[in-house]
Amino acid sequence: MTHETMTPSLKPAQSLEAGRPHELVLVMDFGSQTAQLIARRVREQNVYCQLVRHDLAIERIRQLNPKGIILSGGPASVYETGAPLPDPAIFELGVPILGICYGMQLACRALGSPVSPGQVREFGKTPCCLVTANPLFAGVPQEFTVWMSHGDQVQNLGDQFTALAATEDCPFAAVKHHTRPIYGLQFHPEVTHTEHGGKLLGSFVKTICGCRGDWSMSSFIERQVVDLRARVGTSRVICGLSGGVDSSVVAALLYRAIGSQLSCIFVDNGLLRSGEAEAVRTRFGDHFQVDLHVVDAREQFLRELADVADPQQKRKIIGRVFIDVFRKEAESIPDARFLAQGTLYPDVIESGADPDGPAATIKAHHNVGGLPAELGFELIEPLRDLFKDEVRALGLELGLPDAMIWRHPFPGPGLAVRCLGAICPARLETLRQADAIVIDELRKSGLYRKVQQAFAVLLPVQSVGVMGDFRTYDDTVAVRAVQTEDFMTADWYPIPYDVLQRISTRITNTVRGVNRVVYDISSKPPSTIEWE
């Protein structure tokens, strides 16, 4: 297939509606920072959950036919002019509704209970006590701790609602409508700080909504295999492999579905971590026996990056060269019609790509490696309905090794943005060796899975040192390790001193040209996780 015979533009991926389970719970997003977390917690109950915008038309809701609706929290006050509100007809559907924080306030207000600023605001962990028995709280002890984050609260339940739980400063911490299946929680059950929060959400979706819980990775695989085979037909699919979790799981799923019709392209740009190129060859070329095209473009990338120190310029050069290399290799694969990529559900939500999803665009949707529209493939995004933790579970179900599934994220530009200053093969090799030591010591100490990202950075800073009887003037390596849930914010991880000592000793003793190791103890914000 030549470039001229490709279709003229990149076609948007199709959402595989037929591949979705019959049971569905909707989370209506009113601007909460934890709206995605609500959806993830519901899915942990093996119930499929979709995040939708707060003003989704009632006709569309009826069409989706949800088993239940959850109204998220949000930063607004329900009595403010312009406050986000749902179509009031949702309260007439007869579908169970659970309002969380702001969601509880708007549900109560819509049905006649007034909301106003509380005399005392509640933020953080708060003791809570059950006051009325209800199936929503099945298995929850009489007293438990909840996470509050509100200034407003329902002031008077009137004759519509019954109080189910209370805190010292909030007498209506949980409520139930007298005649309708409408519940409200002033606290946030989706966060880990709330004890038994998962149990509460499980009771809502299974006991109150009657969901069986048919959302599982095995059933997801079965549906995707059927749908992918029907869509692809006899054509060939190209998958760009980076060695990361998402692209690896996409490749494994496609191989399960279409076997020899899959071709994977792996571009070795010379900016990879130690052993990564060999690992990709072994896993996909040998183990899965995929049609794997390994393109050794190390010289081309490093030639273009020679003496380039500016991080943005590095990114632009790497993106441009990658596109050229990928395009040339793709043109050599006959009958290729589809391009597969590892877009996840948060990407779809944040880019505004879901027509039912929240409208605010947080970031632009990205294609694999920034591939341009003129390549002309139809996109296949089989992971676009999954969160990251579900992708990992899917990978394990597909037989991928733990080392790949729990691999820490790696930036697209690779070591180029962890090698501060000018790029050259010698400095990259120094960084590669130091980084391998960091990861090895974290694995040996059992810390690798406790941090979400860890790596070494080679600084453009030399300092005086002493090795034996000789004075040195060598490079500095910084070690970075963070803990985070969403990578939007992150805290530095307190690696024990003895582990840090082993890392430092090994690096300075075995990596030539390094005489100093420092540890980065900055959080995001104000810092970023990566240094460039």
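**Burial and helix packing in the predicted model**

Of the 532 residues in the protein, 55% are buried (under 20% relative accessible area, with exposed meaning over 50% and partly exposed in between, for a 1.4 Å probe and protein chains only). The structure is a predicted model, in which local features need pLDDT of at least 70 and side-chain atom pairs count only at pLDDT 80 or more, while totals for chains, interfaces and linings use all residues. Residues are numbered from 1 along each chain as its sequence is written, and side-chain values use heavy atoms, with hydrogens and water left out.

The protein contains 14 helices and 18 strands (DSSP runs numbered from the N terminus, H or I of at least four residues for helices and E of at least two for strands). Among contacts (heavy atoms within 4.5 Å) with a separation of 6 or more, 75% join residues 24 or more positions apart.

Helix α8 spans residues 298-305, and its residues Phe-301, Leu-302 and Leu-305 are buried. These residues lie on the same side of α8, because the arc they cover around the axis is only 90° (taken from the directions from the helix axis to the C-beta atoms). Glu-299 and Arg-303, on the other side of α8, are exposed. The packing partners of the buried α8 residues are β11 (262-268), α9 (311-330) and α13 (425-444). Asp-307, which follows α8, has a positive phi, near 65°.

Helix α9 includes Ala-330. This residue, Ala-330, is buried, with a relative accessible area of 0%.

The crossing of α13 past α14 is right-handed (the near helix is turned clockwise from the far one by less than a right angle, anticlockwise being left-handed). On the α13 side, the contact is formed by Gln-433, Ala-434, Ile-437, Val-438, Asp-440, Glu-441 and Lys-444, which meet Val-499, Arg-502, Ile-503, Arg-506, Ile-507 and Thr-510 of α14. By class, the contact of α13 with α14 comprises 6 nonpolar, 2 polar and 5 charged residues (Ala, Val, Leu, Ile, Met, Phe, Trp, Tyr, Cys and Pro count as nonpolar, Asp, Glu, Lys and Arg as charged, and the others, Gly among them, as polar).
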